[in-house]
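This report is written for a reader who is meeting the structure for the first time. It takes up selected strands, helices, contacts and loops in turn.

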Amino acid sequence: MSLGYYFLLPVIFSFLTPYFKKLGSFTLRGSTILLMLILFLQTLAYTGVTLPQISEFSLKPPLGIAFILDGYSLLFLLIFTFSALIVSFYMVWFFKANKGRDEARFYVFFNMLIAGSIGMILSCDIFNLYIFFEITGICSYALSAYNKDKLGLESGIKYLIIGLIASIFIVFAIMLIYLQIGTVNLGLIAQRFGQIDPKISVLIVLMLFIGFGTKAELFPMNFWAPDIYQGSMASVNGLFSSVVAKAYLFVFFHLFYLFGLNSKYMLFVMVIGAITFLVSEFTALNQTNIKRLFAYSTLGQLGILFMALSTNSSATVSGALFHLTSHSISKLLIFLALGILIHKFKSAKIDILGNFKSGFLTIVLAIGFLSILGIPPFSGFVGKILILKGFALTQNYAAIAFILLVSIVEAVYFFRLTAMMLDKKRTKISVPIGFANYVVLSVLAVLIVLFGVYPSLLTHYTDLATNALLHPTNYLNYALGVGL
Amino acid sequence: MLEFFNSTQTIHTIIIIGSMCLFFIGFYGIATQKNLVKVLVSFDIMESALFLFFIGLHYQVGLVAPIVDSNLKTFTNMVDPVPQAMILTTIVIGLAVLALGLSFGIEYYKLTGRNDISKMNELRD
Amino acid sequence: MNSIFLLLNLLPILFLYQFEGALHVSLPLTNEFTLSLIQTPLGSFFAYLSLISFLLVTIAQKSKKLSFSYYALQFLLSLAMLAIVLAGDFITFFIGWEIMTWSSYFIISKSNNMNIKSLQKYILFSLASAFSLIAGIVIAYSFANSFDFVAISNSFESMPFNIKVALIVLFSLSFFTKAGVIGLHYWVVDTYSKAPDLFSSILSAVMSKMGIYGLFLIYGNIIGYHELKIMFGTMLNGTDFGYVLAWIGVATSIIATFKAITQDEVKKLLAYSSIAQLGYIVAVIGFGTSYGVAGAMYHTLIHTIIKLLLFINVAAIVAQTGKNKFSELGGLIYRTPVSFVMLLIGIIGLAGMPPLGGFASKFMMYNAAIDTKFALILIGMLFSGAASFLYCYKLVYGIYLGHPTSKSLESTKEVSIHYLIPQIILALLLVLTGAFPGAFIKVINPILKEFSLSTIGYDGLGVMQSAVGNFNGFFIISAFVVIFLLILLLIWRIKSKAKNNLNRFDISYCGEVPTADTSLHYGYGFGTELYRIKFVNAILKRSSSHFYESLATQTKKTSELFSRMYYGNIHNTMIIILLFFSALFFLGVN
C-alpha cells in the first residue's frame, strides 16, 4: 500500500460520512472502526519491512511531493493509529450513551484529524507539512467546539485564535526558507540550512519555534491549553493529549535535528521544557476541575519530553520516546475513563473521582496514575528510568534532581486523587460501564502493564526511532531522491 | 521618468514597504482589538501582507505568469510557479479558518450576546 | 481464602532452602536492564525474617474477614520485599522498593480510620525516599555503567570524593526515611496507628527493616566498611562516619522514647517505640566492627519478633474490645490472661531485660559501643534503654492492670485462638533467641565474611563471644527459669492463704466514695509528668511537623501564584506570545 493512503483513506471516509449517515449509525460507527483498524494493521505490517519507505506522487523528490516513513515516524504512526482505533471504539459507547448527538459531524472531523496528524509525520516537504498542520488545526478547533455549548465554543474560538498566530509564524518561516533556499523539500532545506545568513536563520528558527512550540504547548505560549482541555469532551481531550500534541512535538524535533539545530539551541529548549514542567505541575496542584488538572499534567509531561528529547544523546532520546509512548497510552486511558464518570455525574469537578463505585474503573485509573508517575511495574517507570539514565550518562545531575523533585509535586495531586477514589467515607454511586469500554480500557491497562514488565516489545521501536531521529542520513537520502 | 518604476528593485522595495505596513496594521489590530470579528480581520490582513510579500518578491520585470496558454510557449520566461501555488493553497486554508472562526463567533454571540475575546473567561478554575 | 494465601506464603521457601546460593536468576528486561535475583547470606537473613513475619500475620488474619484484594496485595507486598532483599542489581531493588510502596499504600487505604491527609503523608514520604534512592542509583550508574551491585561496588573506589559523599547521603536519606530516623519520621506514627491493626505489625516489623537492609547493603556490601574507614578516617576503634551515624541513632532513640511514654493511643506508643528501637540499630550499624554489625543484626531480628508479638497482641485486644486508647482500657488481666502473659514476655524483650532475646541483642550493641570505645554513645544508649522501661510499663499497665475503665471491659473474653497461635510461636522464638546466642552468631558469621569483617567466636549454641567476656545465654535463661519457678511457687503458696474478698469500691478518698463511673485507672495519665522535667519538656514540645506543614503551605502558595497566570484571557495570551517572540528575536540576533 502506498503511504499516500494513510492520508487518502481517512479523507475519503470523511467525505463519505454523510452517505454513511444515511445508511444508519451502525454503518457510520462501523466504518470508522474499520478504517482505523485498516490503518493500524497496515502500520503493524510496516514494522516488518526495511525502513525508510518512500511513496512519491507524480514526480520524484526533491522536485515532487513524497511521503517518507522512517523509524521515527513509524513509532508515532503506531501511537496515532492505535489511539485512533481505541477512540473509535470508545465513541460507540459515547454515542449510545448520548442519544441524539450529531454523529456524522464528529466522525468527519475525527477522520480528518487523524489524516492531518499522520500527514504531518509522513510529509517530507515543509509546505505540505504546513497544510497538514492546518488540517489538524481546523479539525481540532471543530472537535473542541463539538458540544456547541458556551464552554465548547469558547474553547473552539480560543484554539482557533492561537492556531492563527501559530500559522502566521509558520507561513512566514516557510516563506523565508523558500526565499533563501528556493525549495520546500525537507532534504534540500536540511542540506542548505547552514548556508543561510545567520541572522535570517535565527529568525527562521525562532518563528518555527514559536509556531510549533505554541501548538506543542510550551511554557510561555501555553496559557490557552488548559482552557481548551476544559471546554472539550473527554474523548477529544484524549486525542489532543495522545495524538495532536504528540504530532506537533514530532514535527518540532524532526525539524530540530534535521536542520542540525541541536548543538546551538539544545540548552534553550531544555530550559524551556524544564520551566514548562515545573510551572505546570505546580499549577495542577491547585485545580478543582478534573479535565483542567489533567491538561496541566499533560503539559508537564510534555515539558519532560522536551527536556529529554533535546539532549542529543541517544540514551536519553530513546528513553524520552518510550516515555512518550507510555504517556500517550496512559493519558488516553485516563481521559477515556474520566469521560465515563463525567457522563454519569454531568460534572467535571474533582469530587466525582471520590463518588463513583466501580472496582474496574478504580483499578484502571490507578494503573494510569501510577504509570504517569513512573512507578514500576508500569510502562511509565521504564521511560522515566531510561530518561534519568540518559541524563546520568551525560553527567547532567541537575536535570535528574529537577525531574525527581518536581515529580514529588506531581505525586501530591495524583495520590490525592487516588486517595479520593479509595476513600470509603464518601457516598458512592455505582457507574455503568458499557461493554465496549471494558474492552477499550482493559486493552490500554494491559498494554501499560505489558510495556512495564516486558519493555523489549517497545524498546525495539524506540531504538529505531532514536536512530532515525539523531542520524537522519538515510532519511535525507530518500528525501533528496538519491539512490532511488 | 516612469522607467524608474519599471525596475525589479523598485517594485520589490515598494512591495516590501507596502506589505510591512499592511502587516503592522494587522499586528496593531491583534494587539488592540478585542472584538472577535475585528481580531479575525486583523489576522486576515496580516496573512494578506505575507502573501503579498511572498508573491511580490518572486515577480521580476519581463517575466510572464506561469500559465500555459498562447503567451507561454517555452518554460523559460516565466516567474517561479511554486510560490503562487503555495499562496493559492494558503489563501484557501486561511479562508476555511476564517469561515470556521466566524461561525464559532456567531454561535457564541447567539448564546451569550458577547463578542469580546478578552471577556471569554468562563473556562477557568 | 486465608489458607490459600497461607500456602502461597510458604511457596518462596522452596527457592530458599539454603542460606546462600540457592537462587540465581537473571532475566533480561531490555538491552540495558537485567533483573537479577541472587541469594546472599545478608539477603536470606532478611528474606527469612519477612517470610516468617508474613506467615504469622496471615495466621492471625484468619480471625478477620478480609477481601481477596487485601490478601493479593499483601502477597504482592511479600514478593516485593523478597525482590528487595534478593536483588542482585539496583533495578530489581528499586522495582521491589516501589511495588512495596504502592501495594502497602493500597492496603493501608483499606483501613477504616484512614484519612486522606495521613495517606498523603505516607505515600509522599515513601516516594521521596524512593526518588532519593533512584537519584543515587543513576548517579552510581553514570560511573559504573551498570546497575549491578558488584560492578558499582568495584567502581566505587575510583569515584570522585564529592560523588561518593553524595551517594552516601542520598542512599542514607532514602533508607533513613523508611526506618523513620528522627526528622524523617513524620509519617511513621500516623501511618502505623491508622493502618489496619494487623497490618501495622508488618509495617513495623518488616517494612521498616527494609530500610535497615538497605543501610547494610550500602555500608557493608556496596561501599564496604573498609572503604568508609578510608574515606572518613577512624576514630578510637570505630570510624568517624560511624560516630556521626551513632549520634543520629541515639538522638532518634532518646527522643522517640520520651514521645512514646506520653502517648495515649496504644499503637502510637508502639510506633514511637519502633522508631526508638530502630534508632539503636542505626546507631551501631556504622561502627564498622564485627560487634557493631552483629549487634545491629541481632537487634533487627529481636525487634521484628517483638513488634510482631506486640502489634498482634494489641490488634487482638482492639478487635475484642473495640478500644485503642489507654484511657479506655485497663484491668484485662483476669479476662484475657494468655494475652497478658504474651504481652509480658514481649515487653520483657522490648525493655532489654534478661533473660530473653531482647537482653542478648542489647548486650551485643552495648558491647559494640564498648569495643569501639564510644563511651558517650554507650551512655546515651543506656539512658534511652532505661527510659524505655517506662513505656513498657505503661503498655502492660494501661491495658491489663489496674481497674477496667468501663463496664463493657468487664465482660471481655479471651481473644481468638488465631491471634494467640502466632503470639505463642513468637514468644517461644524470643526465648530461643535469648537461650542460643551462639546459634545466632553461627548464622551471621557468613554475613560478616560478606562484609569482609572478622568473624565472632561462639562456643556451642548457648555461648557467644564479646569484648567483655563470653555471654552464656543458655545459662542465664536456665537460671532465670529456676528462680522464676521458685518465686512462682512461693507466690502460689502465699496467695492460697491470702484473703481475696476486696471490692474495687472498698476505698474512699477525701471522704468521697467512688461510684461505678469513677475511673480508678491511672495508667493513661502516666507519662504526662515528664512535661515537668525541663530537658524532656524541650524535647517533647519540638516536632518536625511545623517544618513539613510549612513546606506544604508554601507549595500551595506557589501553586496559587502560578495558577494566576492561567486566567484564560486569550487576548493577553496572544500578546505574551508576540512579546516572547520579540524578546527572543532581539536576544537571538544580538
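## Strands of chain C

In chain C, strands β5, β6 and β7 form an open three-stranded sheet in the order β5-β6-β7, and their pairing is antiparallel. The edges of this sheet are β5 (458–459) and β7 (471–472) of chain C, each of which pairs on one side only. The model described here is predicted. Strand β6 of chain C, residues 463–464, is joined to β7(C) by two bridges, and the two strands run antiparallel. Within this pair, V463(C) stands opposite N472(C) of β7(C). Strands of a sheet pair through backbone hydrogen bonds, in either a parallel or an antiparallel manner.

A hairpin is found elsewhere in chain C: β1(C) and β2(C) form it, with five residues between them. Five bridges connect β1(C) with β2 (residues 34–38) of chain C, and the two run antiparallel. In this pairing V25(C) stands opposite L37(C) of β2(C).

Helix α5 of chain C spans residues 116–144 and has 29 residues. From its first C-alpha to its last it reaches 41 Å, close to the 42 Å expected at 1.5 Å a residue. How many of the 29 residues of α5(C) are buried? The count is 24, so α5(C) is largely enclosed by the rest of the structure. An α-helix has 3.6 residues a turn, so residues three or four places apart point the same way.

The helix is followed by N145(C), whose phi is positive. This residue is not a glycine, yet its phi is about 60°. N145(C) belongs to the loop between α5 and α6 of chain C. It is partly exposed, because 14 other C-beta atoms lie within 10 Å.

Further along, P160(C) is placed in the loop between α6 (149–156) and α7 (161–179) of chain C. P160(C) is exposed, because 9 other C-beta atoms lie within 10 Å. P160(C) and F143(C) are 17 residues apart along the chain, and their C-alpha atoms are separated by 9.7 Å.

The domain assignment divides chain C into domain 1 (1–224), domain 2 (233–496 + 516–543) and domain 3 (550–589). The centres of domain 1 and domain 3 of chain C, taken over C-alpha atoms, are 41 Å apart.

The contact between chain C and chain A takes 44 residues from chain C and 48 residues from chain A. On the side of chain C, the elements that give two or more residues are α4 (90–108), α5, α21 (545–563) and α22 (570–589). Helix α5(C) supplies the largest share of that side, 14 residues. By class, the side of chain C that touches chain A has 28 nonpolar, 13 polar and three charged residues.

Chain C also touches chain B: eight residues of chain C are in contact with ten residues of chain B. Which element gives the most to the side of chain C that touches chain B? It is α22(C), with four residues. The residues on this side divide into four nonpolar, four polar and no charged.

## Chain B

Chain B has three helices and zero strands, and along the sequence its pattern is α-α-α. Its radius of gyration is 20 Å, whereas a compact globule of 125 residues would have a value near 14 Å. Along the principal axes, the C-alpha atoms of chain B fill a box of roughly 60 × 35 × 25 Å. Of the 125 residues in chain B, 26% are buried. Among contacts in chain B with a separation of 6 or more, 55% are between residues 24 or more positions apart.

| Residues joined | Omega |
|---|---|
| P376(A) and P377(A) | about 5° |
| P354(C) and P355(C) | about 15° |

P377(A) is placed in the loop between α15 (359–373) and α16 (379–393) of chain A. P355(C) lies in the loop between α14 (337–351) and α15 (357–372) of chain C.

Terms used. Residues numbered from 1 in each chain as written. Chains lettered and ligands numbered in written order. Predicted model: local features only at pLDDT ≥ 70, side-chain atom pairs only at ≥ 80, totals over all residues. Expected span 1.5 Å × (residues − 1). Buried ≥ 20, exposed ≤ 12 C-beta atoms within 10 Å, placed from the backbone. Contact = placed C-beta atoms within 7 Å. Nonpolar A, V, L, I, M, F, W, Y, C, P; charged D, E, K, R; others polar. Domains from an automatic or database assignment. Pairing = 2+ DSSP bridges. Rg over C-alpha atoms; globule rule 2.2 N^0.38 Å.
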